Amino acid sequence: MKAIGEKYGRYGYFVYILCLAVLCGCTASGRVLPAPDAQPSPVATAPVSAPTLTNTPLSPPTASPTPTNRPEKSTPTATLPNGTSAAADQEAEETVDTCVDITFIFNVDTPSTGKARWRFDDEGALYCCDHTNSVYQIIKNRDPASQLVLFSVRMDNNVPTKSLNIVVDLATGDFKNLGANYVDDPRYILTWLPDEELVWIDTKGDMYRGSLVTQAALNAPSKMTDVWYVAPDRLLARDEAVQFYYFDLTNAVWTPLPAGESEKITTRWVENAAVSDDSEYVFFFYPSYTALLFSDSGTVQIVSPEFDPPDEYYVTPNGKEGDTFFPPQQIKGTPYWFFPTEHIFREYAGTSYISKSYIVDSRTGAVIEHEVLGIPPELAVYDSYLSPDRTVVAVEVVEAIDTLENYPAQVAQTWFISLATGEAHVEEGEFVGWESEDEAYLHAPLTCVEQEITIELTP
């Protein structure tokens, strides 16, 4: 890819995140009850199979602080449709489809500041998610058995913005308000630990470890802004002075990075970062450089792609209202990282165009193109998608170059590529989606039972 211009923004589109249990309904006491026909165990989503590939040559690629504070558990107020009579109820049963829509409403100062909606089918399977424009981040606990989700909601449209962050147990409706006065739209104020634990940063920069009902202060040495879990027993945190620290979860000890290492990552805001699958390094991507923070040594390596001219770099379009952020994902068994919700400007045959998602080689900091993907040079690389198991990339390509000037362009083929094995196969036409049926069911015009759970948030 030829690099172009200066960076414009840092927001992207929402991808698949939640596919776990939500049980619905409520009693007069406000407890959430199971959805019709749903089991008390986590709901299942339809299995997704990676496409069959054929060989095509590609370029190679413990002890923790004792809880000091146990806040009272917060419970939502659930609102159910009001029945008018037995005859009306019977008529409603005959006209309502066997599905249930649940909407979470997050209220602060203005009604309907943030909403998120899920749908259950008649077997209790969950389909997600619709949300209002103010919900800018939905991050699910990576444990498949967990039902905890972080919602980040923008409270206003001023500059800088104010936002709130809340963790919700989708099975019970219980929640923990992490804070409702964050400046701007912080992305890395929470990290998930094993066994349903979490670590978070509040609006004052203090760090805590706990659950929905417990919390223990970690006594951070300064005001923290970002945090990541580095398995099996450490946290990596960054403070407002851009100094990195490790925190030993077993011995409760803070240790700064060696002198001169934190200063190598000069950009204040962490825009895209994640811990590698083997926890050997933390990957930080900026359009002009990539940084790798190695866990064993605490040292930082900066890698920059070769731009021509040298002062140009990758451009990402301004985010739109309603965009939802999700961190980069490591493609399994590779040094490549997939950006599921970011867009980027590409240049091909003298035409600049926008494409959805891209893949970065952590060894070079470069966005990979035709040679690594094994795609013929006469086809323009367009939108990309990563399979839910993170093993196969679906890359749309465009043959009619003149259509690149408008979005969407005319897609000719979809290439299904395993960057770990070099296997690939091609299908004609646009990518139809890993879970197109799930998406269609969520948006189908069904007359489902509707329920609302209102969570009153007090700054």
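This is a predicted model: local features need pLDDT of at least 70, side-chain atom pairs count only at pLDDT 80 or more; totals for chains, interfaces and linings use all residues.
Residues are numbered from 1 along each chain as its sequence is written, and side-chain values use heavy atoms, without hydrogens and water. Local features need pLDDT of at least 70 and side-chain atom pairs pLDDT 80 or more, while totals for chains, interfaces and linings use all residues.

In soluble globular proteins, nonpolar side chains tend to be buried together. A nonpolar core is a set of buried Ala, Val, Leu, Ile, Met, Phe, Trp, Tyr and Cys residues joined through side-chain atoms within 4.5 Å; buried means under 20% relative accessible area (1.4 Å probe, protein chains only). The largest such core here has 28 residues, and V167, L178 and W254 are among those with the most contacts inside it. Strands (DSSP runs of E, at least two residues, numbered from the N terminus) contribute to this core, and β11 gives the most, with 4 residues. Another core, of 23 residues, lies apart from it and includes F120 and F175.

L178 is in contact (heavy atoms within 4.5 Å) with L150, V167, L190 and W200, among others, when residues up to four places away in sequence are not counted.

Two strands pair if DSSP finds at least two bridges between them. β23 runs antiparallel to β22 (residues 329–330), joined by 2 bridges, and Q330 has W337 as its bridge partner. β23 also runs antiparallel to β24 (residues 351–361), through 10 bridges; there, H343 is partnered by K356. In the hairpin of β23 and β24, with 2 residues between the strands, A349 takes a positive phi near 50 degrees.

Definitions and conventions
Buried means under 20% relative accessible area, exposed over 50%, partly exposed in between (1.4 Å probe, protein chains only).
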